[in-house]
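Have a look at the sequence and structure below before reading on.

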Amino acid sequence: MEFQRHDAPFFTPRTDVASIMRQVLYALIPAVLAHVWFFGPGILFNLIIAALFCLAGEAAMMKIRRRPVQAALADYSAMVTAAIIAFALPSLTPWWVTATASLFGIVVAKHLYGGLGFNVFNPAMAGYVVVLIAFPMDLNLWTAPRMGDIDYQYPTLLETIRYTLTGVLPSDLGFDAVSRATPLDQVKSGLSNMRTFDEIHNNPMMGHFGGRGWEWVSNFVALGGIWLLLKKIIRWQIPLGVLAGLLIPSGFLYWVDAGVHASPGFYLFSGATMLCAFFVATDPVSAATSPKGRLIYGFGIGFMIYAVRRWGSYADGVAFAVLLMNLATPAIDYLTRPRIVGHRKLEKWRQE
Amino acid sequence: MTDLILILVGTVLVNNFVLVRFLGLCPFMGVSRNLEAAFGMSLATAFVLTLSSAASYLLHQYVLVPLELGYLRTISFILVIAVSVQFTEIMVRRLSPLLDQVLGIFIPLIATNCAVLGVALLNVQQAKGFVQSVFYGFGAAMGFALVIVLFAAIRERIDAADVPRPFRGTAIALMTAGMMSLAFMGFSGMARP
C-alpha cells in the first residue's frame, strides 16, 4: 500500500488570479440583487451583454496575439470588468452602449497595453468614460428607484429586454415616466440654483443619506467590500484613502457652511462612491503598489470624486477620478519606493 | 488674488495646454522617453514661457498697439520667443554649467513649442493685464510640466510591458496621450470665475 507523502505547508492558500476574481464577483452578488429590487432587472441584461462582449474581446485579442485563449477566459478578470461596467451603466441601457464600453475596456485599455498585469488604466473605467463622452444622452437616463409614495411607472421585464435590444421604449411609456434625475444630479443643480442642501434633501427621493435605492445599493456594495477586506483580497489602504479623500473636504466645507454644501453622508452613500472604494480603485494592476503609495492613490481618487461632484460639470466623478489617479500611478510609485532593508546601514558604510 | 488662483487652476488642469488645447504636442511626444529628460524640459519650458509671455505682453501693449501694427502680432511674437529662448540659453550657459549640461539640448527645442506662441496669442486675444498674462504663461508651463512628467513615468512603465508589436513605441504613447486627455475631461466645468 502506498502512502502519499505531504510536506509542509499542509494548507496552501489559493491565491491564483481566478479564485481572487471569483470572490470579487461573489462579493458583488448582494449589491446586484439590491440593484434589481430598486432599479428593475435592467442590470442583469447589462451584465449578460457586458460579459458576452468582454469575453469575446478577450478571446479575440488572445487569439490574434497567439496566446492561450482558454487560460485568459478562465481567470475571470474579464468578468470582473464586465460586472463593474454593468454597475456603472444605467439599468436601462441599449446594448450597443454596453458593447462599446466592454470592447474599448478590454481591447484598447487592457490588451493593447499588454493584457492582464500591464494595463495602465482601469479597463472598466476607461470603457465607461468613452461611452460617457460618446453617448451622453443614453447615460443620463437613470430609472427611478422603487418607492411607495410617488406615483411612478417602471418598465416590465419584456419592455426592459426590448429597450436593451432596440433602444425604444413602448409608446405609452415615455422617458419622463420611467427616469428621474439622480440624487447627485438633483443636489448639483439645486445647489447651483441657490437652494440650500436641507431644502433639496427634503424630497422623499433623497432617502436618509444618499437617495432612496442608491443608499441601499451602496450599503450592499460596502458589505461585499468588507467581506473582501476580511478575506484579505483587498487591503485597507485604498478604501480608507478613497473614503477619507471624500470625507475630509466635504466634511470641512459642510462644517463651514451647511447651506451651500452637501453633507458628507450624502456623498458617501450616493453614486458609485462605495463601488469605487472597494471594487474599482482596488484593482491591483492599475493602483499604486507600496502601502504609502496606495494611501496617496486612494486619497487622490476620493478628493477628485468630490471635486468633480462639487465643481465639475459631470454628476459623478468616479471614473474620471480613477483614470486621473491611474495616470499618476507610475509617478506615485516612483516617489514612494519603499526603503530597502539595510539600505541605511549601507549608506552609512559608504560614507565612512 | 482669487482670479490669479483661478487662472492657475484653469491653465494647469481644466484647460491644460497639452491635453485639452492640444498645443505643445511635439515636445510632449518627443522628450517624454525618460523621466529626467522630461523634468529638465519642463523646467526650461517653464522659464521661457513665463519670460516670453511677459515680453510679448509688453511688446504688444507698448509697441504694437500705439503704432497700430496689430497685424504684425504673430511674426513679432515669434521673434520675441526666439530671442527669449536665446537669452535663456546664454544665461544658463554663463551662470550654471551644471544646469546647462542637464538642459542644454532642450532649450533650442522650446522655440518650436507651439504652446509658447499659443500662450502669447491667447493672452492678447483675451485682453489680459500684465500680471494675469504672466500667471497665464506660468500656469501653462506648470500644466505642461505636470502632464509631461506623468506621461514620461507612464512611458517608462509601458516600455517594460508586453505591448503587441504593432503598437510598441509611438503608437501606444499616442494612445496613452488620448487616454490622459479623456481623463482630463473630468475637470471640465471647474474653475469658472
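What follows goes through salt bridges, cysteines, surface patches and a few backbone details.

## Before we start

Keep in mind that this is a predicted model. Every number here was computed from it.

## Salt bridges between the chains

Search the whole structure and you get six salt bridges over all chains. Let's take a couple that cross between chains.

A:Asp333 pairs up with B:Arg157, with 2.6 Å between the closest N and O atoms. That contact goes from helix H16 of chain A (residues 318-335) over to helix H8 of chain B. How covered are the two partners? A:Asp333 is buried, at 10% relative accessible area, whereas B:Arg157 is partly exposed, at 32%.

Then there's A:Arg65, which forms a salt bridge with B:Asp162; here the closest N and O atoms are 3.3 Å apart. This one also crosses between chains, but it runs from loop to loop: A:Arg65 sits between H2 and helix H3 (69-74) of chain A, and B:Asp162 sits between H8 and helix H9 (170-184) of chain B. A:Arg65 has a relative accessible area of 12%, so it counts as buried. B:Asp162 comes out at 23%, so it is partly exposed.

## A salt bridge within chain A

Which residue does A:Glu58 meet in a salt bridge? Its partner is A:Lys110, and the N to O distance is 3.0 Å. The two are 52 residues apart, so the pair links distant parts of the chain, with A:Glu58 in helix H2 (residues 42-64) and A:Lys110 in helix H5 (residues 95-111).

Are these two buried or exposed? A:Glu58 is buried at 2% relative accessibility, and A:Lys110 is buried too, with a relative accessible area of 2%.

Take A:Cys54: the nearest cysteine sulfur belongs to A:Cys276, and that is 18 Å away. A:Cys54 is also buried, at 0% relative accessibility.

On chain B, B:Cys114 has the sulfur of B:Cys26 as its nearest cysteine sulfur, at 5.1 Å. A disulfide needs the two sulfur atoms within 2.5 Å, and B:Cys114 is in no disulfide. B:Cys114 is partly exposed, with a relative accessible area of 33%.

## Surface patches

Chain B carries a nonpolar patch on the surface, formed by B:Leu58, B:Tyr62, B:Val63, B:Leu67, B:Phe130 and B:Val131. Together they have about 560 Å² of accessible area. Helix H3 (35-64) and helix H8 (130-159) of chain B are the elements that give two or more residues to this patch. Helix H3 gives the most, with three residues. One member, B:Leu58, lies in that helix and is partly exposed, at 38% relative accessible area.

For charge, look at chain A. A:Arg339, A:Arg344, A:Lys345 and A:Lys348 make up a positive surface patch. Of these, A:Lys345 lies in helix H17 (residues 343-351), and its 70% relative accessibility makes it exposed.

## Backbone details

In A:Met194, phi is near 70°. This residue lies in the loop between helix H9 (183-192) and helix H10 (197-201) of chain A, and at 75% relative accessibility it is exposed.

In B:Glu68, phi is near 55°. You'll find B:Glu68 in the loop between H3 and helix H4 (73-95) of chain B, and it counts as exposed, at 68% relative accessibility.

One last stop is A:Leu253, in helix H12 (residues 237-256) of chain A. A:Leu253 has a relative accessible area of 18%, so it is buried. Its C-alpha atom is 9.1 Å from that of A:Pro264, which is 11 residues apart from A:Leu253 along the chain.

Conventions
Residues are numbered from 1 along each chain as its sequence is written. Chains are lettered from A and ligands numbered from 1 in the order in which they are written. This is a predicted model: local features need pLDDT of at least 70, side-chain atom pairs count only at pLDDT 80 or more; totals for chains, interfaces and linings use all residues. Side-chain values use heavy atoms; hydrogens and water are left out. Patches are made of residues with over 30% relative accessible area and no salt bridge: like charges are joined within 9 Å, nonpolar side chains (Val, Leu, Ile, Met, Phe, Trp, Tyr) within 5 Å. Accessible areas come from the Shrake-Rupley method with a 1.4 Å probe; for residues, only the protein chains shown count as cover. A salt bridge is a side-chain nitrogen of Lys or Arg within 4 Å of a carboxyl oxygen of Asp or Glu. Lys and Arg count as positive and Asp and Glu as negative; His and the chain ends are not counted. The place of a charge is taken as NZ of Lys, CZ of Arg, CG of Asp or CD of Glu. Helices (H or I, at least four residues) and strands (E, at least two) are DSSP runs, numbered from the N terminus. Buried means under 20% relative accessible area, exposed over 50%, partly exposed in between (1.4 Å probe, protein chains only).
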